[in-house]
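Here is a briefing on one structure. It is shown first, and notes grouped by topic follow.

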Amino acid sequence: MATVDLNRVRKSYGAVEAIKGIDIGVADGEFLVLLGPSGCGKSTLLRMVAGLESITGGEIAIGGRVVNGLEPKDRDIAMVFQNYALYPHMSVFDNMAYGLKIRGLPKAEIQARVAKAAEILELGRFLDRRPSQLSGGQRQRVAMGRAIVREPAAFLFDEPLSNLDAKLRTQMRVEIKRLQDRLGITSLYVTHDQVEAMTLADRILVMNHGVAEQVGTPLEVYQRPASLFVAGFIGSPPMNVLDARFDAAGQGVALPGGTAFLLPRPRPDMAGRPIKLGVRPEHLAVTSGDGPLIVTVDLVEALGADTVVYGRLPDGEGMVVRVAGLPFCREGETLRVGAPPDALHLFDAETGRRLAD
Amino acid sequence: MTRDRANPRSGGRLMDMVPHLILMLGVLIFAFPIYVTVIGSTWDAATIGRGNLPLTPGGEMLNNYASAWSESQGNRVMHTPVRIMMWNSLVMALVIALGKIAISIISAYAVAFFRFPLRMVFFWMIFITLMLPVEVRIIPTYEVVANLGLIDSYAGLTIPLIASATATLLFRQFFLTIPDELVEAAKIDGAGALRFFVDVVLPLSRTNIAALFVILFIYGWNQYLWPLLITNSAEMETVVIGITKMIGNGEAATDWNLIMATTVLAMLPPVAVVVLMQRWFVKGLVDSEK
Ligand SMILES: Nc1ncnc2c1ncn2[C@@H]1O[C@H](COP(=O)(O)OP(=O)(O)O)[C@@H](O)[C@H]1O
Ligand SMILES: [Mg+2]
């Protein structure tokens, strides 16, 4: 068990800068999820921690010890790969035991550790099988077992559930969470799936183009996204973002069509300035007649528990509304929609950063 | 399933038989010379010498094989006993096959898994030697081997044939199919380059190794031109060379019965290797067990 500290970590591939200076301290036993779209540098960052990629700049420390110059095997980490990366010619037992054998642990100790991991992961019956004789979920568990038996300072996961079907993914997600709670081992977990991130993480690091956009608990990231990027990436369907402008007194913001929203706290300093106004589809409410937004319905998606309405404002801007329950309107209808003041998110029109509130 | 579909239709049976007939014809054409050889090895020299060999077995089989196997009792000059020639051939084929596999799997490992300066230069150099079969470089190679004093030795017989671009390329292609993540998992498990080679790469390559062994053993066994140059003494003769030398040059009658017996014996080891390793051989050619 240990902390993992990244200090202004950078990575370049020739002229291309994949990681542009990331700072994060992962506490002992914490579950940190690296979340971001494909190609944003999550894997690169994780592989730098693992020692599989060289570090162009900055420092990585595991358990207080700088590991920049250490081989993967000397970093006291274990990694779970997306494709499991099991040794195809070894039994499940040998797959888990291999790293321990190399480290020269006594046979009895190896036996005991593998037996314990197999019990936790319910792999006891499969110890003699080859990976090819297992299902995807079982292979995934063997990969986890291989990490567990090492009793490392930190677990590194690179999209470990991406190759599983939806049902198994949910199930394994719960298992990983339970396992990490039980073992309390510091974990870094890469994913592009926001649901995985929200459910697993103690904290999420949202990445975009090699930059950390925000670090926070899942609820912080959801409730107070630090940038338009985070606002758009977390939440489904994504947040509605509209061009707007502060009124002359800074008491509220108005859309180009004239629709005005009162702010919970006035911002006289911003009076008259352009702004991006964000509001989540699930925070919009359909009102009986006095809602400030007039939405013409384009498409209605019935999800069962919820209904998602895709529509447009009079000026043609798209608007998504998510309401609990069964469909209540049809295509072509107009709805009056409103949002409570504390559901409004304000972002700087130029930088896309959240305005301090 | 596709086979079942042909049967219910009228004429299906006939359509099934045509390929079989063609195959049987092929087998006959292929097998007949071997049959003649086997039959020939059971008659005495005089019968064959008259020029009309019966197509049924004769009674000289034990005699022929015994005299081919050990010392000559035939009409012509002393020939090397088959048991010595077979031994020479066996050593040559085994050393060539195993040597080629050992050298090429290591070179392929280097080219496929390591980043070192001039890696692609080395790769292309290996690749280019594909265009230089033994026959092309035989004179300079002979010169080198002669200067090293390796004429009439197993080393001279085998070492120049051991380098193998083909096997190196085959192994490299196979190694490239081993996922990067597996290599990385092994790194994290703490396996160094040598351990990874022994614990992971070799076991994963075993069907490929078996398939190559069959091919290379036969290649080594059938070598003709090189052993012809490099062996002078009768003690070093290989069986393929021996057979040609047994054919008389007109001064003495040729012992066709002994040649036939020797030929049959010479066929046995390659056949044995193919039969014994058939399962692995096919597996190595068909799948890569991953
Ligand atoms: N070996 C490499 N050489 C050059 N560029 C690379 C290499 N590996 C990754 N990259 C680049 O770095 C960026 C981040 O990649 P990666 O970390 O794999 O993204 P993610 O895991 O978030 O999808 C990508 O733009 C990718 O093209
Ligand atoms: Mg990735």
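In chain A, S11(A) and strand S14 (residues 274-279) pair in the antiparallel sense over six bridges. Two strands count as paired if DSSP finds at least two bridges between them, and helices (H or I, at least four residues) and strands (E, at least two) are DSSP runs numbered from the N terminus. This is a predicted model, in which local features need pLDDT of at least 70, side-chain atom pairs count only at pLDDT 80 or more, and totals for chains, interfaces and linings use all residues. Residues are numbered from 1 along each chain as its sequence is written, chains are lettered from A and ligands numbered from 1 in the order in which they are written, and side-chain values use heavy atoms, with hydrogens and water left out.

**Strand S11 and its partners**

- Leu242(A) of the pair stands opposite Leu277(A) in S14(A).
- S11(A) also pairs with strand S12 (residues 252-254) of chain A, in the antiparallel sense and over two bridges.
- The bridge partner of Arg245(A) in S12(A) is Ala254(A).
- Five residues lie between S11(A) and S12(A), which form a hairpin, and Gly250(A) in the turn has a positive phi of about 75 degrees.
- Strand S11 (residues 240-246) of chain A has a covered face made of Asn240(A), Leu242(A), Ala244(A) and Phe246(A).
- The uncovered face of S11(A) has Val241(A), Asp243(A) and Arg245(A).
- In a regular strand the side chains alternate between the two faces of the sheet.

**The four-stranded sheet of chain A**

- Four strands of chain A form an open sheet in the order S2-S1-S4-S5, with antiparallel pairing.
- Strand S2 (16-26) and strand S5 (65-66) of chain A each have a single partner strand and stand at the edges, so one side of each is left without a neighbour in the sheet.
- Strand S1 (residues 4-13) and strand S4 (residues 57-62) of chain A run antiparallel and are joined by five bridges.
- Asn7(A) has Glu59(A) as its bridge partner in S4(A), and Asp5(A) stands opposite Ala61(A) in S4(A).
- Ala61(A) also has a bridge partner in S5(A), namely Val66(A).
- S4(A) and S5(A) pair over two bridges in the antiparallel sense.
- These two strands, S4(A) and S5(A), form a hairpin with two residues between them, and Gly63(A) in the turn has a positive phi of about 60 degrees.

**Ligand 1**

- The residues around ligand 1, meaning those with a heavy atom within 4 Å of it, are Tyr13(A), Ala18(A), Pro37(A), Ser38(A), Gly39(A), Cys40(A), Gly41(A), Lys42(A), Ser43(A) and Thr44(A).
- By class, this shell has four nonpolar, five polar and one charged residues. Ala, Val, Leu, Ile, Met, Phe, Trp, Tyr, Cys and Pro count as nonpolar, Asp, Glu, Lys and Arg as charged, and the others, Gly among them, as polar.
- Helix H1 (residues 42-50) of chain A gives the most to the shell around ligand 1, with three residues.
- An oxygen atom of ligand 1 lies 2.6 Å from a backbone N or O atom of Gly39(A).
- A polar side-chain atom of Ser43(A) lies 2.6 Å from an oxygen atom of ligand 1.
- An N or O atom in the side chain of Tyr13(A) is 3.2 Å from a nitrogen atom of ligand 1.
- On its own, ligand 1 has 560 Å² of accessible area, of which the protein covers 57%; accessible areas come from the Shrake-Rupley method with a 1.4 Å probe.

**Record annotations**

- For chain A, an unreviewed UniProt entry lists residues 4-234 as "domain: ABC transporter". UniProt positions are given in the numbering used here, feature names are shortened, and annotations may be inferred rather than shown by experiment.
- Residues 4-234 of chain A are 37% helix and 26% strand, and the end C-alpha atoms lie 25 Å apart.
- For chain B, the annotation "transmembrane region" in an unreviewed UniProt entry covers residues 21-43, 90-114, 121-142, 154-175, 196-219 and 256-277.
- Residues 21-43 of chain B are 87% helix and 0% strand, with end C-alpha atoms 32 Å apart.

- Arg172(B) is found in helix H9 (residues 165-176) of chain B. Arg172(B) counts as buried because its relative accessibility is 16%, the limit for buried being under 20% relative accessible area (1.4 Å probe, protein chains only).
- Asn88(B), in helix H5 (residues 82-113) of chain B, counts as buried at 1% relative accessibility.
- A polar atom of the Asn88(B) side chain lies 3.4 Å from the backbone oxygen of Met236(B).

Terms used
Polar contact = N/O pair within 3.5 Å; in protein donor to acceptor, adjacent residues only side chain to side chain. Buried < 20%, exposed > 50% of the residue type's maximum accessible area, 1.4 Å probe, protein only.
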